[in-house]
Amino acid sequence: MLIIAQHGEIFIILACLFGFFMAWGVGANDVANAMGTSVGSKAITIKQAILIAVVFEFLGAWLAGGEVTNTIRKGIIDPELLQDDPQLLVYGMLAALLAAGTWLLVASMRGWPVSTTHSIVGAIVGFAVAGLGPAMVDWGAVGTIAASWVVSPLLAGTIGFVLFKSVHYLIFEDDNPFAAAKRYVPGYVFLVGFIVSMVTLTKGLSHVGLELTFNQSLLLSILLGGVIMGIGWLMQRRIKFEHNAKDHFGYANVERVFGVLMIFTACAMAFAHGSNDVANAVGPLAAVISVVQTGGEIGGSALVPWWVLVLGGGGIVVGLVTYGHKVIATVGTGITELTPSRGFAATLAAATTVVLASGTGLPISTTHTLVGAILGVGLARGIAALNLRVIGTIAMSWLITLPAGAGLAILFFFMFKGMFG
């Protein structure tokens, strides 16, 4: 208690710096989940992607980023275990933020799309092992999170494969692909509106005090899907057929119809992502502020001050603007060649998987989900359409994430303990 009283202000300043650094890593690495397919399919430019993400990631983080957040993410350790030594939680959360932020910096510089959730989970496991001992970690919870490495890419890949095959069969194999696109795309627009509304309502707005049941979210999403389908139908009416001597079947015109869809999915996915993943940065920060302000009391959850969400949203934006282009390039062009129709199938498959996971409580990584969806879409065109070298590098970076976060957190935990203890 004495240590917290003596160094309280220093702890809060360090937590804000490391929280911003972690949020920077989320922006630099994880925003590719929302933007990679849109840029890779050339539906929007990298500058437009950054502009969309700056606005919608920040709005998602600020408006729906969470009034109350768990002090220890994903229930890996019981906060009650730290009641006697609250300063250990402070050292641990500082170490976890710095460790996860450092790993995300390394991954972003290399252009590796890694899971920010797994980075912070690995870091908290590392601090728990160092500060409390291996027996105090809920290894069952860690095992469930590790299982999502396989489950989420497989599920998203399967949905992406089926979606792209349906687009190919209904539209591209039709005698008049452009007319078929105009006929079927409103249905796909409804699907996008419905699924992304479900992502936002189940993953995001529950934080902002809008406590909706799964059934209420379902009904509201059907309504929103209908409204968005109407807007999409009006927008696609403006798209006129352009004759091109090199494009006998009019496929380029079909892709222009799907390009309209991609702009909407980019905006909505950025909002849902900002609302969901800002907690990885502000959760540990809120825990430190809570412990310092209450003089050492530890609860299962902590109230997040509004300025902490602004700090998290600001960090995400700065990370995206400064380094986001590297991971966007890997996701958008490195795995397989994307067009607006392929990018649409991948984004919708990823969003559908997130909704299914929210409904069933399965812990998943948005990064793993989106990469799996892109793989599924690429596989629908044959194994030759995939860049196996890039896929191997991504798989390796996923395996390293948890141990890298844990190892760095152990190092930083003992450093802080030595400095202040």
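Trainee: Where does H14 bend, and by about how much?
Mentor: At Thr 401, by about 40°. A proline, Pro 403, follows within four residues of that spot. Keep in mind that this is a predicted model.

Trainee: OK. How many residues does H14 have, and what does it reach end to end?
Mentor: H14 runs over residues 388–420, so to speak, with 33 residues in it. From first C-alpha to last, the helix reaches 48 Å, close to the 48 Å expected at 1.5 Å a residue.

Trainee: And which residue caps its N-terminal end?
Mentor: Asn 387 does that for H14. One of its side-chain oxygens sits 3.3 Å from the backbone nitrogen of Arg 389.

Trainee: Switching topic: Met 269. Which helix is that in?
Mentor: Met 269 belongs to H9, residues 251–277.

Trainee: Buried or exposed?
Mentor: Met 269 is buried, because its relative accessible area is 11%, and the cut-off for buried is under 20%.

Trainee: What does Met 269 touch, leaving out residues up to four places away in sequence?
Mentor: Ala 34, Val 196, Thr 347 and Ala 351. Asn 33 is worth a look too: Met 269 and Asn 33 are 236 residues apart in sequence, yet their C-alphas are 8.3 Å apart in space.

Trainee: Now the whole chain. What share of the contacts with a separation of 6 or more comes from residues 24 or more positions apart?
Mentor: That share is 84%. As for burial, 57% of the 421 residues count as buried.

Trainee: How many helices and strands are there?
Mentor: 14 helices and 2 strands.

Trainee: Last one: what does the accessible surface come to?
Mentor: About 16800 Å², with 68% of that belonging to carbon and sulfur atoms.

Conventions
Residues are numbered from 1 along each chain as its sequence is written. This is a predicted model: local features need pLDDT of at least 70, side-chain atom pairs count only at pLDDT 80 or more; totals for chains, interfaces and linings use all residues. Side-chain values use heavy atoms; hydrogens and water are left out. Buried means under 20% relative accessible area, exposed over 50%, partly exposed in between (1.4 Å probe, protein chains only). Contact means heavy atoms within 4.5 Å. Accessible areas come from the Shrake-Rupley method with a 1.4 Å probe; for residues, only the protein chains shown count as cover. The expected span of a helix is 1.5 Å times one less than its number of residues. The bend at a residue is the angle between axes fitted to the seven residues ending there and the seven starting there. A polar contact is a pair of N or O atoms within 3.5 Å; within protein, one must be able to donate a hydrogen and the other to accept it, and residues adjacent in sequence count only if both atoms are side-chain atoms.
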